[in-house]
Each structure stands twice: as structure tokens, then as C-alpha cells.
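User: I have a structure open and want to go through the fold with you. Can we start with the overall picture?

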Amino acid sequence: MLPDQEAFSIFAVMEKAAFIINPFSAKKNYQPFLDELKKKVDNPLYYISESIPGTDDFIKANFDNVDIFVAIGGDGTISTVARNLINTDKILAIFPAGSGNGFSNETKFNKNLDELLRKIDTFTVNDRLSINVSGTGFDGKVVKEFEKTTRGFKNYIKVSLKTFFNYKPIKVKFADEAYQQYNGRYLMLNIANTRQFGNNAYIAPNASKSDGLVDMVLVKKFPLTYSALFAFRMFTKRLKDDEYVTYLPVSEISFKVTTKNWHLDGEFNKIESPVHVKVLPASLNILV
């Protein structure tokens with residue numbers, strides 16, 4: 001996806017921007033973006049990311065001289081950049097180039113200069129940053145297996161179907177007495193700061209990235225006869241509380257879960273219990 005002339009003109013009137021490019025996103029097709037960047041911006045400051053620590057080092061090295069850090073990649077790339085900008089006056093900008101682009105889809109690029117800058121919530125899972133949707137259980141396992149493939153939406157569906165039939169529900173136990181009625185077995189548990197995983201799959205249709213809350217989504221393992229309805233509701237923004245799905249809007253919550261497999265914004269992580277989730281209200285400046 002190439003940024004247009006007007007988008008680049010925005011950066012021309014801003015203070016200095018730095019561009020972090022994930023070369024593995026968008027089927028490694030980043031060169032057209034880089035060529036266009038060099039045409040539209042004089043001597044652009046950019047980094048073709050080789051690793052997460054490499055991205056961290058690039059941002060730290062240029063932090064004092066850059067106002068806008070532009071992430072070119074998917075939700076994982078954006079999250080890596082964002083964690084360096086939390087609770088600072090630096091601005092995150094995004095050009096989506098991933099396979100799902102859940103966060104990018106939820107923060108549409110706005111060309112009105114008066115409405116460019118916004119503050120949004122983020123959250124942490126045991127002090128690890130997440131900006132979009134993170135989870136454990138079924139989708140944590142799916143992400144782990146998905147990372148062994150060449151990615152792409154079709155491979156994600158294949159891995160999901162294969163995993164679903166063999167996956168045993170996880171056990172969740174909440175620390176706070178107010179939530180102990182929800183202790184039990186679940187197919188998956190998701191923490192949603194925005195509405196969708198990516199690819200227009202809306203796991204939390206009512207989630208907001210600026211209300212000081214995340215939606216905890218508890219999904220029980222459902223029969224095959226329910227799967228078509230679940231998918232239909234998810235892709236049409238109609239998922240809601242029912243006998244298999246429960247939504248808990250929270251600002252902070254602690255619990256134990258019988259798996260270490262998590263995904264944070266689509267990237268596989270191992271996280272030990274007990275798990276502590278905390279919202280960081282209005283903690284990230286973004287350029288939309």
C-alpha cells in the first residue's frame with residue numbers, strides 16, 4: 001500500500017519524522033514504499049528493521065531529534081514502535097502493511113490537519129505492551145502455529161480450523177471476588193482495546209480505544225453447529241453476550257490461566273500466570 005501525495009505533504013510540514021519498515025510484512029513488498037518515500041521526502045530518515053531490539057535501538061538513537069515515528073508493517077510492528085513512545089510527547093503514525101492490520105483498520109488515516117493528532121489508550125499484560133487485541137487459549141495457539149507458515153489470511157483460516165477440533169479448553173480463575181462467577185473453562189480469552197483482530201474480524205464490536213477500558217472477551221468452546229453463526233456475527237460486527245460469549249469491560253484485572261501461550265497484537269508470547277492486565281489511559285499519541 002503506497003502512501004499518496006497528500007499523506008507525504010503532511011510529513012513535509014511536520015517536524016522531522018522517522019520511518020521504521022518491517023521488511024517481512026506485506027509479503028516483503030516494501031521496496032515500492034521506500035522508492036516512493038525517497039521521491040516525496042528529502043533525505044528521509046528510515047530503518048529497515050532486522051529485529052525488535054534493532055528497532056528499539058534505532059528509536060532510542062533518534063528519539064531526541066524526531067517528533068513522529070512512522071511504523072510500516074502490521075500490528076506487531078506498530079506495537080514494537082508504540083512501546084517506545086508510551087507516555088511521551090512523541091507521535092506514532094501508521095502505514096498498514098501487514099496481513100491483518102487490525103489496529104490500522106481501527107485508526108483510519110485522516111487527512112484533515114486539524115484532526116490528525118489523537119491520544120489513545122493502550123494496555124499491558126504482565127507489563128508487556130499491547131495496543132490492539134491480545135489473547136490466550138485457542139487464538140494464542142493459532143498464532144504460535146501460524147508463525148510456522150508463510151502467513152496470509154488463507155493460512156490463518158487453515159491453521160484455525162485444524163487447531164479448533166483438537167484444542168482443549170483452558171481454565172481461567174479470577175483473583176477478584178467480583179469476577180469469580182466467571183471462573184471456568186474457555187476456548188479463548190481476549191483483551192480488546194479496539195474492535196477487531198484484523199481482516200475485519202470484530203471480536204469486540206463495542207470496544208473503544210479511548211474510554212479507559214478494555215473488553216475482556218470470554219469464549220466457551222462451542223459446537224460445530226454454532227461455528228457458522230459465530231463467524232457470521234464476528235465478520236458483521238454482531239458478536240454479543242450469549243451462552244458462549246461473555247464481555248467484561250475492565251480497566252484492570254488479574255487472573256490465572258492454564259496456558260502460557262499468548263499473542264500480543266498478533267505476535268506469539270509466553271506469559272506466566274498470574275496475569276495482570278492494566279489499561280494505560282490516553283498514553284499514546286497517534287497521527288491518523
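User: What share of the contacts with a separation of 6 or more comes from residues 24 or more positions apart?
Analyst: In the protein chain, 71% of them; contact means heavy atoms within 4.5 Å. This is a predicted model, where local features need pLDDT of at least 70 and side-chain atom pairs pLDDT 80 or more, while totals for chains, interfaces and linings use all residues. Residues are numbered from 1 along each chain as its sequence is written, and side-chain values use heavy atoms, without hydrogens and water.

User: How many helices and strands?
Analyst: Eight helices and 16 strands, taken as DSSP runs numbered from the N terminus (helices H or I, at least four residues; strands E, at least two).

User: Which strands make up the open sheet, and in what order?
Analyst: The order is β12-β11-β10-β7-β14-β15, six strands with antiparallel pairing. Two strands pair if DSSP finds at least two bridges between them.

User: How many bridges between β10 and β11?
Analyst: Five, joining residues 188-192 of β10 to residues 214-219 of β11. Within that pair, Leu189 stands opposite Leu218 in β11.

User: Which helix lies across β7?
Analyst: α6 (residues 138-146), which also lies across β10, β14 and β15 and runs at about 100° to β7. Axes are lines fitted to C-alpha atoms, for helices over the stretch in contact, with angles from 0 to 180 degrees between N-to-C directions.

User: Different topic. How much counts as buried?
Analyst: 52% of the 288 residues, buried being under 20% relative accessible area (1.4 Å probe, protein chains only).

Technical notes: Buried means under 20% relative accessible area, exposed over 50%, partly exposed in between (1.4 Å probe, protein chains only).
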